[in-house]
Amino acid sequence: MRDIGLIIVDPGHFHVALAQQEMYPNVSPRVHVYAPLGPDLMDYLTRIARFNRRAERPTSWQIEVHASPDFLERLRRERPGTVAIFSGRNRGKIQRVKAAIEAGINVLADKPLIIRREDLPVLEAALKAANERQSVLYDMMGGRHEITASLTRLLREDPEVFGEPVPGSATEPGAAMTSMHYLFKEVAGVANLRPAWYFDIEEQGEGLADVGTHMVDRVHRTLFPEQAIDHRTDIRLHSASRWPTMLSLGQFRQVTGEGRWPDYLEDRLKGGALEYFCNTRLHYQVRGVHVTLETRWGWEAPAGGDTNNSAYRGSRARLEIRQGAAENWRPELYVVPLADINAALERRISVLQGAYPGVGLEKRGGEWRVSVPGSLRLGHDAHFIQLTRQFLDYVEHPRSLPQWERPNLLAKYYVCTEGVAMSRGEI
């Protein structure tokens with residue numbers, strides 16, 4: 001029997017629609033949407049209609065819209081479902097999420113849950129309330145299901161391959177990650193428009209507060225898999241800096257469809273261009289391991305789209321994910337030996353083939369590339385289906401939610417929001 005009723009709250013980002021790319025056996029097809037009337041709502045409804053009308057594997061969502069200025073109050077009063085999905089505007093999101101949790105509703109939230117360090121106590125209170133009610137508060141970390149990230153974590157867990165994490169230093173960190181994203185993208189030849197408010201850093205958040213959540217989540221899960229991290233004792237921030245990507249009015253018009261600068265961006269204009277602070281570099285330590293993160297945003301990708309590159313230093317090997325022209329802009333995992341790990345690496349890959357059929361090794365000079373078949377490369381959109389399935393399983397079996405999830409979610413947002421504050425010179 002379908003017993004999970006879905007509620008969509010103020011959908012302001014297409015990630016919310018990606019969670020509905022397919023039907024789920026334990027979710028009712030009737031979906032209640034609470035939102036103000038406007039372009040964000042229209043975009044969401046258009047995307048769901050496309051899923052319902054597509055030729056292959058069409059969905060059958062039945063959408064009931066509750067559009068009004070007081071949509072949040074109506075949601076708290078009417079509570080037509082047991083699961084709410086939040087995606088879009090980030091300023092004040094955690095207060096809305098906390099209210100839903102206190103009303104007995106499970107929450108799946110697109111990142112970021114918070115963008116200001118002042119909101120960390122609210123997030124902590126929301127997590128406590130969810131724990132007391134045996135409900136689930138979960139954020140959308142689709143990157144957890146990317147195959148090279150999973151294989152990196154599994155190889156790191158093998159002491160005969162990776163050894164122990166190297167603490168490193170500020171100049172040679174034990175872990176480093178760079179994320180390069182682009183503001184203007186085309187999907188199937190059509191511009192993927194962003195709402196104008198996306199460029200308000202007080203509404204959307206800066207780069208580290210936003211995409212940085214994926215980076216910190218991956219670093220912590222790789223270095224300390226399935227271990228709880230206490231942000232009060234395990235993390236120490238050292239330095240952070242920020243710089244803008246400049247956006248002309250023509251580019252703003254192209255990416256938003258808006259003909260003029262909105263009033264709320266006027267004080268961020270410099271020489272007629274928008275000073276969009278979306279780039280951050282952070283250096284911190286987690287359990288003694290030095291980590292550097294760099295989030296960067298450009299205008300339009302010359303080739304290949306968004307990229308993520310990372311490196312983890314162990315006492316026996318270095319694990320690197322590279323995603324450049326040499327990899328045809330596809331993430332590839334490399335193992336760079338620092339000791340004689342040949343036999344151990346071959347044994348580990350042989351074991352992994354049981355869960356990941358087709359995974360293999362290719363010797364390339366003094367290093368190995370972990371070969372991954374196309375069948376295991378599911379892509380960005382498919383990752384949202386996987387994370388939604390995982391979340392729904394936790395909703396049905398709340399005690400199966402790992403104990404480390406809640407403290408690590410708090411630690412992740414501590415790093416990101418404190419890092420933003422440090423880059424602004426606020427701490």
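**Notes on helix packing and a hairpin**

1. The axes of helix 6 (residues 147-156) and helix 8 (residues 212-223) come within 8 Å and cross at roughly 30 degrees, where axes are lines fitted to C-alpha atoms over the stretch in contact and angles run from 0 to 180 degrees between N-to-C directions. The two helices are therefore roughly parallel to each other, a term for angles under 35 degrees.

2. On the helix 6 side, Ala149, Thr152, Arg153 and Arg156 meet Arg218, Arg221, Thr222 and Leu223 of helix 8, contact being heavy atoms within 4.5 Å. By class, this contact has two nonpolar, two polar and four charged residues.

3. This is a predicted model, in which local features need pLDDT of at least 70 and side-chain atom pairs count only at pLDDT 80 or more, while totals for chains, interfaces and linings use all residues. Residues are numbered from 1 along each chain as its sequence is written, and side-chain values use heavy atoms, leaving out hydrogens and water.

4. Helices (H or I, at least four residues) and strands (E, at least two) are DSSP runs numbered from the N terminus.

5. Strand 17 (residues 360-364) and strand 18 (residues 367-371) pair in the antiparallel sense over five bridges, pairing requiring at least two bridges found by DSSP. Two residues lie between these strands in the hairpin, and glycine 365 in the turn has a positive phi of about 65 degrees.

Note on methods: Parallel < 35°, antiparallel > 145°, perpendicular 65-115°, else oblique. Nonpolar A, V, L, I, M, F, W, Y, C, P; charged D, E, K, R; others polar.
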